[in-house]
Amino acid sequence: MISNNYFNDNDDLIDHFDSLTPWNAVIDQYEQGFEDFAEFQKSGKEELTFAPGNYEDAIEFYRSTLEAGGDIAGNDISQIAKQMDEEGLKYKDGQVGFPKPMLDVVEKIKSAGLLPYGIHRHYGGLGLPSVVQSMLSECVSRGDGSLAITLGCMNLAETVERFGTDEMIHEYVPKMASGELCGAMALTEPNYGSDLPNLQTKAVKGEDGVWRITGTKRFITHACGFGNAPSIILTLARTGTTTSGARGLSFFLVHSKDVFVASIEKKMGLHCSPTCEVVFENSPGILIGEEGKGLVKYSMAMMNQARLNIAAQAMGIATAAYFEGKKYAEERVQFGKTISNITAVKKMLERMEREVAAMRCILYEASFAVDQYRWKEERGKMKGLSEKDIKKDETFKKWEKLASLFTPLSKYYITEMANVVAYDALQIHGGSGYTEDYDVARLYRDVRITNIYEGTTQLQTVACIGGIVSGMTETGIYREYLKSEMSGFVSSSELNELFKQFETVVAEYAEIDSTPLREELAFEVVESAARFHNSLLLERSIGRSKVERRNHRKTLTESYILDSAAILASNLTKIRGKKKTPVTA
């Protein structure tokens with residue numbers, strides 16, 4: 001793997017940090033008038049020591065955090081990724097052993113103060129907005145996808161922070177921030193993967209008031225904990241009848257010492273990410289939130305953040321694949337010249353670059369949308385405001401809805417295209433790429449899971465389609481967002497034409513009254529939305545970009561819009577053709 005600072009060596013990422021991200025809007029929402037700084041001035045609370053008191057201090061804190069994370073990602077994590085992958089995990093009698101280099105580098109991250117990046121500073125975390133978290137996750141994932149998952153699980157405190165009692169928050173979240181506890185999400189069961197409303201793991205409340213859980217969960221990442229840190233397992237279990245569906249499910253916190261890890265999966269990739277089968281046998285659990293809202297409220301909120309995390313992971317792996325492919329192409333000589341100068345290879349590298357640029361745009365826009373509502377909710381809760389009062393705010397409602405669309409849209413698009421980028425990177429390496437001598441083979445294996453776990457692409461399509469169709473009505477929130485963004489710059493005739501194509505795709509789809517046909521053609525609409533969405537974000541970025549990068553960004557954007565126009569034309573042809581053909585059972 002290339003050894004470098006994975007933040008500083010990435011011109012496009014630096015452009016997003018320096019020029020493209022509207023930091024004042026992010027900081028306004030996260031800091032809420034720099035309340036933490038004011039509180040520190042009064043109380044001197046240690047956990048608020050690094051709370052910024054102005055925009056400049058906040059941005060400098062984010063930059064220094066990313067530079068430190070980028071340094072460890074590129075000069076430490078990336079250099080042991082191959083060794084970790086080859087050594088893998090060891091399982092014996094319910095215990096999972098990790099490679100020593102992996103344990104050591106996590107200790108280094110902990111010592112650098114970077115471990116609790118996703119935890120609020122009030123509970124011992126760094127206090128980073130979602131955009132910065134995504135940037136950091138991208139850098140770490142470029143170093144190694146498995147280790148990025150480990151860090152994500154050690155930051156899996158969001159659900160407890162958002163929905164736990166004060167007692168639960170203060171008991172568990174600071175311990176996660178310090179690395180004493182890891183986290184895990186236990187949703188999937190052997191016979192129920194995405195079909196969560198029908199899962200069978202059962203929770204029964206005893207006469208002593210303690211809930212006890214019985215059942216088996218599968219594909220549970222880090223249910224075994226990490227090193228000496230046990231896990232708190234956020235578990236979905238049935239408290240209603242077997243036929244009560246989603247409304248009969250509740251959410252629990254279960255300690256890993258009270259379950260048995262029956263096995264870990266042998267996977268094609270992510271060899272240092274433990275994917276566990278977990279047996280619950282009258283395991284004590286602590287109810288999170290209200291009974292019966294485990295899936296519809298708490299699990300869905302947790303999964304939305306997890307999907308954004310996986311998008312960032314795929315973003316990092318795709319970035320690694322692009323840079324590794326580019327490096328190889330610029331060094332490999334064939335026919336008297338480097339293969340980067342062979343037209344067919346040059347074409348592949350250019351497509352990889354513009355796709356990575358588009359992926360980064362949609363990831364950070366989704367993260368920005370989260371920042372525009374989530375912190376108002378969390379700050380409101382700290383102040384004792386009710387959820388009902390917080391959600392009365394029109395701006396809050398707008399960005400919550402947009403984030404609910406942008407999250408699955410970005411998860412689908414980034415993970416699918418990350419697979420394409422890794423495929424092309426391996427192709428550029430030729431036969432050498434098919435061996436384990438080059439890192440691209442591991443990247444190709446690791447990225448394959450990203451469009452499967454935390455909801456397959458097909459499930460993301462289901463999550464997106466309603467928001468796109470309703471959002472593109474005359475008064476729809478997505479249309480309002482798109483028109484507002486396009487009014488902020490002089491859009492090209494090509495982008496305007498692409499918008500008309502997108503409108504037509506949605507309008508033609510909306511006319512379909514056959515449910516089977518709507519389900520069959522939903523992906524074409526979602527793909528069209530993603531291509532237009534990214535085209536807009538890329539073109540918007542040209543004028544905001546650093547002057548020296550504008551021509552290059554303009555070239556990338558023009559090629560991306562041309563690709564998008566062809567894809568939307570194809571999708572429109574499919575929709576019209578299918579509408580003419582009766583659907584048969």
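Buried means under 20% relative accessible area, exposed means over 50%, and partly exposed is in between (1.4 Å probe, protein chains only). Keep that handy for this predicted model, where local features need pLDDT of at least 70, side-chain atom pairs count only at pLDDT 80 or more, and totals for chains, interfaces and linings use all residues. Residues are numbered from 1 along each chain as its sequence is written, and side-chain values use heavy atoms, with hydrogens and water left out.

**Salt bridges**
- A salt bridge here is a side-chain nitrogen of Lys or Arg within 4 Å of a carboxyl oxygen of Asp or Glu, and the count comes to 53.
- E377 pairs with R162, their closest N and O atoms being 2.9 Å apart.
- E377 sits in helix α12 and R162 in helix α8 (residues 158-163), so this pair ties together parts 215 residues apart in sequence; helices are DSSP runs of H or I with at least four residues, strands are runs of E with at least two, and both are numbered from the N terminus.
- E377 counts as buried at 12% relative accessibility, and R162 is buried too, at 15%.
- D12 and R553 also form a salt bridge, with N and O 2.5 Å apart at the closest, and both residues are buried.
- K383 meets E35 in another one (2.7 Å, N to O), and E35 is partly exposed at 28% relative accessibility.

**A strand pair**
- Strands β4 (residues 202-205) and β5 (residues 211-221) run antiparallel, joined by four bridges; strands pair if DSSP finds at least two bridges between them.
- V204 has R212 of β5 as its bridge partner.
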